[in-house]
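This report describes one protein chain in plain terms. Look at the sequence and the model first, then read on.

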Amino acid sequence: MKKLIYSLLITSNLALGWGEVGHHLIARSAVEILKSHPDLNKIEPIPAENLTSFLNVLKSKQYQQGHVANIPDTYWRNLEGELAEVGTLLGAPTHYLDSELLLGQTPSKDLLAAKIPLNYQDAKNSISKNPHFFKTVGTLPWRAQQLAQLYSHALNTQVSLVCKDTPVAEENTRVITAFAGLMAHFTGDVTMPYHSSIDHDARAIGQKGIHWYFENDLVTELELSRLFSKVVSRAESILKNKTQENGTPSIAILKDWVQTHYPQRTDSQQVTALMMATISDSYSQIEKLRQLDYTYAIASLQEALQMKHCQNLAVLKDLKAQYEKLETDEQKKTFGKVKVLSYPSDYDDKKVESACRRTPDTRVNQDGELSLDGKTVAQWHEDFIIERLALAASLTAEIWMVEWLKAKSPALCSTLLYAHKPSFVSPMDKNCKGYALTESPKEFILKNGKSALTQKLKTNHRHCVSF
């Protein structure tokens, strides 16, 4: 059989973090577990009406939070008019961090982010040979920090507002919930293993296509209604407990990791540090996900020859030609078990196709062989999916609650209005707590010569997320 030599390929990393169902579920689950946050029992008494309003407003908006958590994918990647390409130029790099590039080597699994500076400009300066740090390496931790700061700023504004006295308080509550939902997208991205590595789609090992298959096809197959209660239960445990279970760190363990690796962090860098800790964990999970995919999702040659959606794959045609040249049934039986992987990543980018995968509802046994009595491919991934989604939900709830407590626990106002299309929040806008403030606009020039930085600067942070 033709020997495939795999090499690592730097890609544009335009894949999504989780599919629509996953991001929606993370935000909703975070809302559900807020009331279980351990800090509520450790601090001085909070005005009961304030806590009730905070929990009730987010509870009443949990489906909105799910919707808003998808905005960075469903809306910001599809902006219109002069901002048509902003989603790609300024938005896409905010969804990932190619850790190997930042460290200049393949990082160890337990110390992945130990040397990554928490300050964005310091991190950029650490690899001075790369002039396009923003779009090449990615900025996921700092994007989450930016939106957390905007959320915190809005909470602090709410302290001086009274719901019954002014419509400004209700408007500001909408801003708070919008920033909370937008941030939830990126605290979701950080738990998806393939957003922590340069090889974002497993092309280097011939498993191209795993990213979307895992985050969307499998999660959708398991269904939101079926996953929701399981994710909520697991997320509550991750938020409250101090131990590690099922290979997933609790929030307490992540915070200990932060204290060990970033003892000199500032208060505003706490979210960045938590994101780094989670990226470290996500990177350590890549091999486990690849093995699940290889065993249960990747089809054998014998299967692929009968699968319509794989018939046009060049790799299948090559394997089929070799299969037909075999002389004995025993040889064909053995060769038929070969997994139909993708071509190596050093092929022409436009010609590289995904590996041939079974549909998520295909039933297979523990060894990955077709079996009517086996679990579905999605079910073999279910425990792993629950762990990653639950970790994202607990991380989101942790930041939501801690920032609310730090802002002196303001009361939120009930509102019926829905944030359908929050405006794009630029990572380069100082008034929007941007972090890439010294990036040269020349790095983001569109093909037609116009700058992507067309949004006018605002003086009020609420305009950063106008509806």
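## Overall make-up

The protein chain has 19 helices and two strands; helices (H or I, at least four residues) and strands (E, at least two) are DSSP runs, numbered from the N terminus. The model is predicted: local features need pLDDT of at least 70 and side-chain atom pairs pLDDT 80 or more, while totals for chains, interfaces and linings use all residues. Residues are numbered from 1 along each chain as its sequence is written, and side-chain values use heavy atoms, leaving out hydrogens and water.

Of the 467 residues, 57% count as buried (under 20% relative accessible area; exposed is over 50%, partly exposed in between, with a 1.4 Å probe and protein chains only).

## Helix H13

Helix H13 spans residues 251–261, and its buried residues are Ile251, Leu254, Trp257, Val258 and His261. They line one face of the helix, because they fall within an arc of 115° seen down its axis (the arc is that of the directions from the helix axis to the C-beta atoms). Asp256 and Thr260 are exposed on the face turned away from the buried side.

The cover over the buried residues of H13 includes helices H12 (224–240), H14 (270–284) and H19 (377–406).

## H1 against H19

The axes of helix H1 (residues 20–33) and H19 come within 8 Å and cross at roughly 50°. Axes are lines fitted to C-alpha atoms, for helices over the stretch in contact, and angles run from 0 to 180 degrees between N-to-C directions. Contact means heavy atoms within 4.5 Å.
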